[in-house]
Every structure is written in structure tokens, then in C-alpha cells.
Amino acid sequence: MTKLDNDLNVFLEETFRDTHNVVIHGAHGYTSYGYTWLYDTKVSNREVTKAMSIVRLDAKPNVYEATVFNVGEHVTDNEYLLDFEELKEWVLAHKDFLNS
């Protein structure tokens, strides 16, 4: 886990822990080539009908793939984020989606 992963975890916990579900997985999805995901976090509303996903892929170790979605629906609108400020801005810009 990188410093950016840790900073993001703290930010997500502080922002959502009292009102949403925050699940921080870390590395998983191991294949013979290495881990598919090096970092994986999901934030959902209490009813688990809407969610936010932030993943750092093994193929792009300095890039986060982020999306919001209705649980059970196919996800197609991923955004790629490069630094902590960009991640924070994206999370705050999509926070209302979880409550809509």
C-alpha cells in the first residue's frame, strides 16, 4: 500500500464513516502475473443501492480508476485520477450521488 492509498483511506473514512459503508480491500485478485488490483475501496449508501469504487490497477500503478454506479448495473463510465487532490475533488463531486 502506498502513502497515497493510506491518505485516501483516511480521507474516505473521515468523509463517509458516519453516514455510509466504507470497505477497504487492498491488494487482491492475484494471477500468475501479479495482483490485478493493488488497491480497492468501495463506498456505498447504507441501503447498498448506490456505490463509489476506487481501484488502483497493477497495470497502471500510479493511476486510480474511479466510478459511481447503481449496484447491480453494468459500469462503463470510469475516470482516471492521478494524485490526491484530484481524488479528493472527484470524491466530493460525486458524494451527492450516493444520497440521491
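**Aromatic pairs and helix packing**

Colleague: How many aromatic pairs does the count come to?
Modeller: This is a predicted model, in which local features need pLDDT of at least 70 and side-chain atom pairs count only at pLDDT 80 or more, while totals for chains, interfaces and linings use all residues. Residues are numbered from 1 along each chain as its sequence is written, and side-chain values use heavy atoms, leaving out hydrogens and water. Rings of Phe, Tyr and Trp (its six-membered ring) pair if their centres lie within 6.5 Å; planes under 30 degrees apart are stacked, over 60 edge-to-face, and the rest tilted. By this rule the count is 2 aromatic pairs.

Colleague: What kind of pair do the rings of Phe 11 and Phe 84 form?
Modeller: The ring centres of Phe 11 and Phe 84 are 6.2 Å apart, with the planes at 85°. The pair is therefore edge-to-face.

Colleague: How many residues apart in sequence are the parts that this pair ties together?
Modeller: Helices (H or I, at least four residues) and strands (E, at least two) are DSSP runs, numbered from the N terminus. Phe 11 lies in helix H1 and Phe 84 in helix H2, so the parts tied together are separated in sequence by 73 residues.

Colleague: Is Phe 11 buried or exposed?
Modeller: Buried means under 20% relative accessible area, exposed over 50%, and partly exposed in between (1.4 Å probe, protein chains only). With a relative accessible area of 11%, Phe 11 is buried.

Colleague: How many residues apart are Tyr 39 and Tyr 64, which form an aromatic pair?
Modeller: The pair of Tyr 39 and Tyr 64 is edge-to-face, at 5.7 Å centre to centre and 80° between the planes. Tyr 39 belongs to strand E3 (residues 34-44) and Tyr 64 to strand E5 (residues 64-70), distant parts of the chain separated by 25 residues.

Colleague: How are H1 and H2 oriented to each other?
Modeller: Axes are lines fitted to C-alpha atoms, for helices over the stretch in contact, and angles run from 0 to 180 degrees between N-to-C directions. The axes of H1 (residues 3-16) and H2 (residues 84-99) come within 11 Å and cross at roughly 30°. Angles under 35 degrees count as roughly parallel, over 145 as roughly antiparallel, 65 to 115 as roughly perpendicular and the rest as oblique. H1 and H2 are therefore roughly parallel.

Colleague: Where is Val 48 found?
Modeller: Phi of Val 48 is near 55°, a positive value in a residue other than glycine. At 44% relative accessibility, Val 48 is partly exposed. Val 48 is in the loop between E3 and strand E4 (50-57).
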